[in-house]
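The report below takes up their surroundings in turn.

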Amino acid sequence: VPHDTEERAPSTAKLVDMTFHGSAPLLVCGDETGLQIFDATRGRRFQKKLALQFQHLCDIECMEPLNNEFLAVSISKKSSVEVSIQSSAVRVQVPIARGVYIFNIVSATVRAVLDGHRDRVTCIRPLPDGTLLTAGGKFDATVQLWNVETLSKATKSRDEGD
């Protein structure tokens with residue numbers, strides 16, 4: 001459940017991206033334990049809106065806002081050891097070694113996990129036609145398009161030269 005407490009963005013967290021929900025800017029910070037989402041309209045002091053904590057230690061490869069409600073985050077699990085949950089965080093299951101997680105940042109839920117790549121996803125881009133492009137790392141060398149409405153694969157291509 002989202003909560004409102006005033007605090008500073010953690011200095012140890014890697015700043016991953018800044019996205020917008022409606023007209024209010026949200027600052028999204030991530031590290032190996034999860035994501036923290038802050039209302040960034042307060043200047044130097046941020047209003048914490050939500051903390052999503054991963055079940056295991058993970059690397060965040062990249063992330064991209066899809067709209068005012070959804071955020072796509074490429075996650076690679078680093079360890080199978082479970083992490084202790086913080087009292088104010090919403091626990092997020094990480095059932096696969098790597099994939100693109102589609103988070104609903106309003107309801108603090110995972111809408112879907114896109115797991116069509118054999119390597120880390122290093123690029124996520126929503127396209128003007130409504131599809132979502134994901135690109136795998138060097139051991140995967142694929143670009144995949146996903147139907148955002150159904151979150152099913154629209155197409156897949158491989159560069160045969162790599």
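His 117 counts as buried because its relative accessibility is 10%, where buried means under 20% relative accessible area, exposed over 50% and partly exposed in between, computed with a 1.4 Å probe on protein chains only. The model is predicted, so local features need pLDDT of at least 70 and side-chain atom pairs count only at pLDDT 80 or more, whereas totals for chains, interfaces and linings use all residues. Residues are numbered from 1 along each chain as its sequence is written, and side-chain values use heavy atoms, with hydrogens and water left out.

His 117 lies in the loop between strand S10 (109–114) and strand S11 (121–126); strands are DSSP runs of E with at least two residues, numbered from the N terminus. Leaving aside residues up to four places away in sequence, His 117 touches Thr 134, Ala 135, Gly 136, Asp 140, Thr 142 and Gln 144, a contact being heavy atoms within 4.5 Å.

| Side-chain pair | Polar contact |
|---|---|
| His 117 and Thr 134 | 2.7 Å |
| His 117 and Thr 142 | 3.0 Å |

For the cysteines, the count comes to 0 disulfides, a disulfide being a pair of cysteine sulfur atoms within 2.5 Å. The sulfur of Cys 62 has its closest cysteine sulfur in Cys 123, at 6.4 Å, which is too far for a bond. Cys 62 counts as buried at 14% relative accessibility, while Cys 123 counts as partly exposed at 24%.

Notes:
Helices (H or I, at least four residues) and strands (E, at least two) are DSSP runs, numbered from the N terminus. A polar contact is a pair of N or O atoms within 3.5 Å; within protein, one must be able to donate a hydrogen and the other to accept it, and residues adjacent in sequence count only if both atoms are side-chain atoms.
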